[in-house]
Amino acid sequence: MSAHSDSEPALTMRDVAARLGVSPMTVSRALRGQRGIGEATRQRVLAEVAALGYRPNKRARELRSGGPSELIGLVVTNLANPFYSQLAVGLEQISVSYGARVMLGSTGEDPATERDVVADLVDRGVDGLVVVPAGHDHGHLGGLRDVPVVLAASPPMGIDVDCVLVDDFGGTRDACRRLVARGHRRIGFLGLPPSLWTGSERFRGYAVALEEAGIALDERYVSQHRGDSGLAEEAARAMLALPDPPTALLTANNRNTVGALRALRDRAPDEEPVSLAGFDDIELADMLHLPLTVVSYDPVEIGRAAAKLLFERQASTAPQPPRRVTIATTLVDHPAPR
């Protein structure tokens, strides 16, 4: 076939991929000499590119010359939460091995902002997206042409995409069971908004553990708000000021744990001790003034798993059913320093 004429419509990477029956990302990696495809496939792509006279656009030429690389968009809800920095580390670890770079966007836990951030990243030419959703409506993520999406910390709602989850329900139930086993019957819960998957699942774990123990759920001991240490501190102080306050607090994430610690710090020495358990390990937990039980898992592994799903999806040439990876949790007891 003769080289492409300047007077004809420019060929795209998708055109080359369609002719070969491979993904656009396979063509891109063949042109950049990167991992992720076999040598036979690489040679087929290069031969077809030469036959078609395909000329990479400016961005593709920069990629081949060591300039800007493939872009993966990461959308998170709260940059103040250390969980997301660890997730980003894991995502970047795998992305770099594929010659990709990560571009970060934050939504402030606002679904409308999430739509804007996703649209902006797509306009900037990202080759894939890992999204921690801010709400239950994921429809805007289902129609992104040629941009694969992986959800982190939430299953897809109304769309068919891959996802990586934490065992939110099981981890919270185990933590609540641990408190019950230590004799607690009044357990306060500093939760997350029920509109979030993590919020609803972690509350469900708390409620089921109480039901299993024959303990009635008392709404006075429940607070469900966004993961903010200040709000959690206020809620904890309100619970502890009740005539019959909780003897233990269970927090739904690390920011809420920090708020609970601040509320407990000011208790008088002669007041009844309050036990604390929380989802997410926190730095310096072993140096606190009181014992702490945490639901521990590796946020880095969530990012790594999401990246692997994303790059496998990019390399796939045939439709595949959505995949789900669940990260296990463990209970870790941090005793108070002697």
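The points below go through the sheet, the helices on it and the nonpolar cores.

1. Please keep in mind that this is a predicted model.

2. Let us begin with the sheet. Six strands make up an open sheet with mixed pairing, and their order is E7-E6-E8-E9-E10-E12. Strands E7 (222-224) and E12 (330-334) are at the edges; each has a single partner strand, so one side of each lacks a neighbour in the sheet. On average, neighbouring strands are turned by 15° against each other, direction ignored.

3. Strand E10 (residues 292-296) pairs with E12 in the antiparallel sense, over five bridges. Ser-296 has Thr-330 in E12 as its bridge partner.

4. Helix H8 (residues 197-212) touches E6 (187-191), E7, E8 (248-251) and E9 (275-279), and its direction makes about 170° with that of E6. Helix H10 (residues 254-265) touches E6, E8, E9 and E10, with its direction at about 165° to that of E9.

5. Which residues of the largest nonpolar core touch the most other members? They are Val-130, Val-164, Ile-187, Tyr-206, Leu-250 and Ile-302, in a core of 45 residues. Helix H11 (residues 299-315) supplies the largest share of this core, seven residues.

6. Leaving aside residues up to four places away in sequence, the contacts of Val-164 include Val-150, Leu-151, Ile-302, Ala-305, Leu-309, Val-325 and Ile-327.

7. Finally, there is a second, separate core of 18 residues; among them are Ala-232, Leu-240, Leu-276 and Leu-290.

Note on methods:
Residues numbered from 1 in each chain as written. Predicted model: local features only at pLDDT ≥ 70, side-chain atom pairs only at ≥ 80, totals over all residues. Heavy atoms only, no water. Core = buried A, V, L, I, M, F, W, Y, C linked by side-chain atoms within 4.5 Å. Buried < 20%, exposed > 50% of the residue type's maximum accessible area, 1.4 Å probe, protein only. Helix = DSSP H or I, 4+ residues; strand = E, 2+ residues; numbered from the N terminus. Contact = heavy atoms within 4.5 Å. Pairing = 2+ DSSP bridges. Axes fitted to C-alpha atoms, helices over the stretch in contact; angles between N-to-C directions.
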